[in-house]
Amino acid sequence: MKKRVVVGLSGGVDSSVAALKLVEEGYEVIGMFMKNWHDESVTISDECPWVEDSNDALIVAQKLGIPFQTIDLSKEYKTRIVDYMFAEYEAGRTPNPDVLCNREIKFDIFLNAALKLGADYVATGHYCRKEVVETDGQTHYRLLAGKDNNKDQSYFLCQLTQEQLKYALFPIGDIEKPEVRRIAAENELVTAEKKDSQGLCFVGKIRLPDFLQQKLMPKEGNIIEIASDNNQFIQYSELLGSLNGSISEDNLKELSEPFSYSEDQGKKVGEHRGAHYFTIGQRKGMNVGGTPEPLFVIGTDVHTNTIYTGQSSSHPGLHRKALYIKESEVHWVRPDLALSPGDNQRFDVRIRYRQDLQGATIYKVDSGLYILFDELQKGITPGQFAAWYKNEELIGSGVIA
């Protein structure tokens with residue numbers, strides 16, 4: 001009897017070829033399009049209108065000769081993703097809705113809907129791979145990076161559980177993007193030359209200030225420039241220089257704590273319309289000129305509605321050696337490989353999508369874990385996800401404090 005797979009057809013080339021491959025491999029395939037939150041008033045362009053995407057998904061399903069249906073998840077998407085984004089920005093953090101979208105929508109609400117249709121698996125067009133291994137009589141599901149290094153999307157799945165991975169299939173994870181487009185063209189799929197969607201998961205490119213202004217009102221505040229010789233940067237550098245191989249939990253705490261600023265530490269160089277619209281490392285949107293080097297955001301304070309900036313991408317306020325993740329935010333994709341308090345282990349880590357993997361040591365403590373990088377990291381941002389790997393396998397992740 002054929003295994004039944006519900007594939008999330010997004011109207012893009014990746015999910016189209018994923019469905020094609022499943023058909024070719026002999027599965028009973030059902031295409032399902034997720035209609036999620038969409039508000040044209042805050043989109044920058046028409047690159048991701050859901051009606052067009054839905055039509056393209058339907059045309060692909062017809063071409064492949066598979067059943068097709070649309071599921072409306074806009075209510076759940078608003079509650080679990082959009083409201084979460086508002087809350088995070090309001091608190092002065094920078095969320096990653098795509099990671100949450102996979103955990104909360106595609107591999108939860110969508111997965112459950114697929115199981116009700118009698119599905120054995122759900123499939124997506126993600127560039128990543130899954131392997132099944134047996135150790136000590138236990139079955140474990142490995143989440144592996146995609147073969148295409150330029151498109152690897154395992155980071156976006158860093159919050160998945162073993163139970164979610166159990167039902168997941170990633171049919172194009174061992175194919176490179178040019179080959180995916182070639183396969184689509186060869187099979188005359190309407191999505192073969194379609195541009196990749198960009199921006200917020202299922203929504204497209206958005207004007208972030210316009211989007212946030214639905215709940216977070218504009219409020220004028222000061223832009224303060226902090227000099228690179230600020231005393232706390234000097235102290236941080238001295239702490240790094242004093243480490244001689246052995247490191248204490250106190251050291252890790254000092255190295256991972258975000259820099260803090262006050263307006264009297266710098267000079268006012270401009271005004272803005274809301275600190276919650278800005279994130280660490282941001283260069284654009286401040287409309288401040290006349291500085292020898294470009295200004296970058298090195299800190300925000302939503303309580304005083306202040307943005308702190310520094311000149312040039314090499315400003316010490318942009319660079320830290322460590323980060324901290326609270327215990328409640330630590331997630332092990334492979335719980336059998338989880339560290340216990342007192343353990344430390346080498347991993348490769350990334351703190352944003354498409355960042356090259358960075359060598360680091362993870363120190364597990366009672367309250368959570370610290371990640372100590374081999375090299376200073378630019379733009380460590382509260383609210384974003386850090387994900388750690390062993391070779392090609394994503395082992396765990398967590399929200400940066």
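**A cluster of rings**

Modeller: Happy to! Phe233, Tyr236, Phe259, Tyr261 and Tyr308 are linked into a cluster by ring pairs. Please keep in mind that this is a predicted model. Over the whole structure, a search finds 9 aromatic pairs. One of them joins Phe233 and Phe259 edge-to-face, with 5.1 Å from centre to centre and 85 degrees between the planes. Phe233 belongs to helix H8 (residues 231–242), while Phe259 sits in the loop between helix H9 (249–256) and S9, so this pair ties together parts that are 26 residues apart in sequence. Phe233 has 5% relative accessibility and counts as buried, because the cut-off is under 20%. Phe259 is buried as well, with a relative accessible area of 15%.

Now let us turn to the sheet beside this story. Strands S9, S8, S11 and S10 form an open sheet in the order S9-S8-S11-S10, with mixed pairing. S9 (267–272) and S10 (295–301) stand at the edges with a single partner strand each, so one side of each has no neighbour in the sheet. On average, neighbouring strands here are turned by 30 degrees against each other, direction ignored. S10 and S11 (residues 306–311) run antiparallel and are joined by 6 bridges. Along this pairing, Leu295 stands opposite Gln311 in S11.

Terms used
Residues are numbered from 1 along each chain as its sequence is written. This is a predicted model: local features need pLDDT of at least 70, side-chain atom pairs count only at pLDDT 80 or more; totals for chains, interfaces and linings use all residues. Side-chain values use heavy atoms; hydrogens and water are left out. Two strands pair if DSSP finds at least two bridges between them. Helices (H or I, at least four residues) and strands (E, at least two) are DSSP runs, numbered from the N terminus. Axes are lines fitted to C-alpha atoms, for helices over the stretch in contact, and angles run from 0 to 180 degrees between N-to-C directions. Rings of Phe, Tyr and Trp (its six-membered ring) pair if their centres lie within 6.5 Å; planes under 30 degrees apart count as stacked, over 60 as edge-to-face and the rest as tilted. Buried means under 20% relative accessible area, exposed over 50%, partly exposed in between (1.4 Å probe, protein chains only).
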